[in-house]
Amino acid sequence: MDRKTFKTGETVDFIVVGSGSSGGIMARELARAGNSVVVMEQGPRMEAHEFEHDELKYRQLSGITNNPATNPQTFRRDADQKAERTAGRNPLTYARVVGGSSTHFNANFWRLHEIDFIEGSRFGSIEGASLVDWPITYAELEPYYTKVEWEVGVSGLAGASPFDPWRSKPYPMPPLPVKSSGVLFERGARKLGLHPFPAPMAINSVTYRDRPACAQCGLCGGFACEVMAKSSSVWTVIPEAEATGRCEVRPESYVFRIGMNKAGRATGVYYYDGDRKEQFQNARAVVVCANGAETPKLLLNSATNGFEQGLANSSGAVGRYLMFNKGGGAQARFEHPLNEYKGANVTRIMHDFYDSDPKRGFYGGGGFDARSGGPLTWGQSVPNGTPTWGPEFKEYLESYTYWMNCSGHGTSLAQATNRVDIDPELKDDWGVPAIRVTYRDHPDDVKHAKWQVERAVEIMDAAGAKQIVPGEIGEASGGVHLLGTCRMGNDPDTSVIDKYHRAHDVKNLFLCDGSSMVTSGRGQPTQTIEALAFRAADHIAKFARAGEI
Amino acid sequence: MAQPIPSRRQFLTAVGNLASAGWIALNWPQIASAAEHADHAAHDTVAPPRHLTTLTTAEAAEIDAIANQIVPGGVTPGARDARVTYFIDNALGSFFAAQLPSFRKGLAEFQSAYAARQGGAGKAFSAAPEAEQTAWLKEVDKTPFFTAVRRLTVLGLIALPKYGGNHENLGWKLIGVEDNHYWEPPFGYYDRDYGGFEPYPGTKPYTA
């Protein structure tokens, strides 16, 4: 197929910055609505056969993720400290490739529940936190959750969990086959009177929408799917956007500033092309879907006359309220091999403890899953008491196939002090001012994560584990769920975008990704990000048709 | 007549070809089975390094001795059998090159401290009897240098063979991992006899 291209001098209807979970959907929906669209992606475009089963490259090095050597960030706990570059990975990690982080996600697709949208009014104020209601409800988002499941592709079993929110349609595909970790997790949880159920996953369990079923290769999280069974944007909505003949995906195009005119309207984006040459693409409107790290970075780096504190930042909320999804779990060893390196990573989850319960003495809720990890990462650490080298360490390595994880995924409270801003000194390899992260867990987040560890230990014990290694809960110093940094809200004084994802301060600028989220949800934000993208695209297309952009 | 075994690329092209989805659904078990038996190393077209390019022979001998104490050989393969030292040499000359100066400094300190313990006799750690090596490593196993060698040893044992270690998949064999591109259930012991998901009272699971 000849792919449509646009000249930079042409004024396209929309530029979408980012080609990940939200950017791909935004591009498809806007293009299908008749608009010309250019998608700007920092990273390269890779074909399925170019990805490998290479845990070193994708989990230890920066195979497709933002590389700390070329895209460095700094970190500090509190605003009175000088932020420093951290060893190893960047604090905020995301995929830099066409498809964005949807390319390497684990594919856990949990809907938010009704409670997630109204916790501010349900629980009131929590010291040090900004727990507020969303400007939309579950009911408003439900049709779009369904759209994600059917248009992007999610497998699962509707109605299996007594705690599921209501839904208008079942999943289009049955759940993936259970693996041993799922069986053991289900066994343990049921013994305790809990209600584990088949995991909803954005992975094909059968041939669906011209993509094959999962090959059960075992390498999902951190890896791109080589058979295109994982419902990543690069295999799903992006080809469909291009098929309209009105959308160009422009890889290796690193947007570093949004152009503005004197009337306070966005005029397009400045970006570095693959040769690191500065370019400018004209557009009638800009939609930033660059993730919870890059979206605020782009706005803050786009400060200009009239927007001295950063674009669309009259509220001062751009970059603030960063949330990661704190959680805790346990690793467990069983008598017989589970072979967790085979099969999609997660097959059973549980939502009994989803809601925050004041009786626990702290705010927080979450879900649990049974999951696996690759051997290279697993072998880096040992349980307390196990030697780190020698014959006993070797015996530990030989036990790899006998282990599983029971992982809790939970809430992180929004705090104004946790933020992404711009480091005053550090620049990346392109000369673009780099991200500075300031982050300290809320005490309730830590208490909840520790509480989750205790529950995970109970479940694994009930499952008959021979050895249980409780997770250690430390202070978060980064994450991959990058949420809340351009929160939506009705009040322009306290939020960055309105309920239609339009920036309060710039009429033709829209933001839609993890940064839009007002609360963190319970650990698996991607389906919500995609549902928000479908919903936002509906409204943006209507605004465009009505000449209201 | 024997069916030709598809290459990894042919396999991926087949499953990824949108136009052939129906054909894939029909032939999936055969495709998968063929892929399972295909040469999975085919995508590692880069030959693994088989000689030193970064470390000196003397340095490599020391690293090899340490690595083989971290994961000793014997009945089952150890770090030396898996040629972990080639991985470490390759890593320090490429993707971990930034660590080479501190690694070399750590090795020099390791050697000089060991020599001092010998009364300055100058005997290399790698030439020492096994019991002596073990005893010395117990004294230094909290140092950043040892930690670095340990990390590299584990990586070299389990990373793809194209990086120099995990020779003939010995690292994977050690930990019980088979190198296949495709699996079918049952995956492990506990999902063999799973009886299916039992709905909870009051729920009505439903499918499309």
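Throughout these legends, two residues are in contact, or touch, if their C-beta atoms, placed from the backbone, lie within 7 Å. This is a predicted model, in which local features need pLDDT of at least 70 and side-chain atom pairs count only at pLDDT 80 or more, while totals for chains, interfaces and linings use all residues. Residues are numbered from 1 along each chain as its sequence is written, and chains are lettered from A and ligands numbered from 1 in the order in which they are written.

**View 1. His504(A) in its loop.** His504(A) lies in the loop between E16 and strand E17 (509–511) of chain A, where helices (H or I, at least four residues) and strands (E, at least two) are DSSP runs numbered from the N terminus. With 22 C-beta neighbours inside 10 Å, His504(A) counts as buried; a residue is buried if 20 or more other C-beta atoms, placed from the backbone, lie within 10 Å of its own, exposed if 12 or fewer, and partly exposed in between. Leaving aside residues up to four places away in sequence, His504(A) touches Ala312(A), Pro492(A), Ser495(A), Val496(A), Ile497(A) and Asp498(A). Glu242(A), 262 residues from His504(A) along the chain, has its C-alpha atom 30 Å from that of His504(A).

**View 2. Leu131(A) in its loop.** The loop between helix H3 (119–123) and helix H4 (138–153) of chain A holds Leu131(A), which is buried, with 22 other C-beta atoms within 10 Å. Not counting residues up to four places away in sequence, the contacts of Leu131(A) are Glu119(A), Gly120(A), Phe123(A), Ile126(A), Leu413(A), Ala414(A) and Thr519(A). Val518(A), although 387 residues apart from Leu131(A) in sequence, is 8.1 Å apart from Leu131(A) in space, C-alpha to C-alpha.

**View 3. Helix H10(A) and its surroundings.** Helix H10 of chain A covers residues 443–462, and its 20 residues should span 28 Å at 1.5 Å a residue, which agrees with the 29 Å between its end C-alpha atoms; the expected span is 1.5 Å times one less than the number of residues. The buried residues of H10(A) include Asp444(A), His448(A), Trp451(A), Arg455(A) and Ile459(A), and what covers the buried residues of this helix includes helix H5 (180–191) and strand E10 (329–333) of chain A. H10(A) lies across E10, E12, E13 and E16 of chain A and runs at about 145° to E13(A), with axes taken as lines fitted to C-alpha atoms, for helices over the stretch in contact, and angles running from 0 to 180 degrees between N-to-C directions. After H10(A) comes Gly464(A), whose phi is positive, near 95°.

**View 4. The open sheet of 6 strands in chain A.** The strands of this sheet follow the order E5-E11-E12-E13-E10-E16, with antiparallel pairing, where two strands pair if DSSP finds at least two bridges between them. Strand E5 (197–198) and E16 of chain A are the edge strands, each pairing on one side only. Strand E11 (residues 346–350) of chain A is joined to E12(A) by 4 bridges, the two running antiparallel, and Val346(A) has Arg371(A) as its bridge partner in E12(A).

**View 5. The open sheet of 4 strands in chain A.** Here the order is E4-E3-E15-E14, and the pairing is mixed. Strand E4 (84–85) and E14 of chain A stand at the edges with a single partner strand each, so one side of each is left without a neighbour in the sheet. Strand E3 (residues 73–76) of chain A pairs with E4(A) in the antiparallel sense over 2 bridges, and Phe75(A) has Glu84(A) as its bridge partner in E4(A). Strand E14 (residues 419–427) and strand E15 (residues 433–438) of chain A pair in the antiparallel sense over 5 bridges, with Pro433(A) in E15(A) as the bridge partner of Lys427(A). E14(A) and E15(A) form a hairpin with 5 residues between them, and Gly431(A) in the turn has a positive phi of about 85°.

**View 6. Met26(A) in the largest nonpolar core.** Such a core is a set of buried Ala, Val, Leu, Ile, Met, Phe, Trp, Tyr and Cys residues joined through C-beta atoms within 7 Å. Of the 203 residues in the largest one, Val17(A), Met26(A), Val37(A), Val286(A) and Val287(A) touch the most other members. The largest share of this core, 9 residues, comes from helix H11 (residues 526–545) of chain A. Met26(A) touches residues that include Val16(A), Val287(A), Cys289(A) and Cys512(A), not counting residues up to four places away in sequence.

**View 7. The side of chain B that touches chain A.** Chain B comes to 8 helices and 0 strands, and 36% of its 208 residues count as buried. In chain B, 52 residues are in contact with 57 residues of chain A. Several helices of chain B each supply at least two residues of this side, among them helix H1 (8–16), helix H2 (21–37) and helix H7 (144–158). By class, the side of chain B that touches chain A has 34 nonpolar, 11 polar and 7 charged residues, with Ala, Val, Leu, Ile, Met, Phe, Trp, Tyr, Cys and Pro counted as nonpolar, Asp, Glu, Lys and Arg as charged, and the others, Gly among them, as polar.
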